[in-house]
Amino acid sequence: MSSILPFTPPVVKRLLGWKKTPQNGGGQEEKWCEKAVKSLVKKLKKTGQLDELEKAISTQNSNTKCVTIPRLDSQQK
């Protein structure tokens, strides 16, 4: 997979590897997906849940811990 953005961390590449490919996907959608996963990774690193998300996706096991995605409040924007 070639990176659309300047630098794509390995964890983002791994998570993007699990993405379901749409029938009519294009370059814009790929770019949006990469930005969305980078944002998710950034949020989950702060809460320490990134490893749990990777484990849940890679093993496809429902017996993993719940991963919650924190909302940004107006002061964090």
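Predicted model: local features only at pLDDT ≥ 70, side-chain atom pairs only at ≥ 80, totals over all residues.

Residues are numbered from 1 along each chain as its sequence is written, and side-chain values use heavy atoms, with hydrogens and water left out.

**Exercise 1.** Work out whether Gln-60 is buried or exposed, and describe its phi.

*Solution.* Start with the cut-offs: buried means under 20% relative accessible area, exposed over 50%, and partly exposed in between (1.4 Å probe, protein chains only). Gln-60 has 60% relative accessibility, so it counts as exposed. Next, check the backbone: phi of Gln-60 is near 50°, a positive value in a residue other than glycine.

**Exercise 2.** Find the salt bridges of the structure and say which parts they tie together.

*Solution.* A salt bridge is a side-chain nitrogen of Lys or Arg within 4 Å of a carboxyl oxygen of Asp or Glu. The structure holds two of them.

Step one: Glu-54 and Arg-14 pair up through their side chains, at 2.5 Å from N to O. Because Glu-54 lies in helix H3 and Arg-14 in helix H1, this pair ties together parts that are 40 residues apart in sequence. Glu-54 is buried at 19%, whereas Arg-14 is partly exposed at 44%.

Step two: Lys-19 and Glu-30 make a salt bridge of 3.0 Å, N to O. Lys-19 lies in the loop between H1 and H2 and Glu-30 in helix H2, so parts eleven residues apart in sequence are tied together. Lys-19 is partly exposed at 25%, and Glu-30 is partly exposed at 31%.

**Exercise 3.** Which residues of helix H3 are buried, and what covers them?

*Solution.* Helix H3 spans residues 50-59, and its buried residues are Leu-50, Glu-52, Leu-53 and Glu-54. Now look at what covers these: H1 and helix H2 (27-47) are included.

**Exercise 4.** Where is Thr-8, and which side chain does it join in a polar contact?

*Solution.* Thr-8 sits in the segment before helix H1 (10-16), and its relative accessibility of 7% makes it buried. Its side chain joins that of Glu-34 in a polar contact of 2.4 Å. (A polar contact is a pair of N or O atoms within 3.5 Å; within protein, one must be able to donate a hydrogen and the other to accept it, and residues adjacent in sequence count only if both atoms are side-chain atoms.)

Note on methods: Helix = DSSP H or I, 4+ residues; strand = E, 2+ residues; numbered from the N terminus. Contact = heavy atoms within 4.5 Å.
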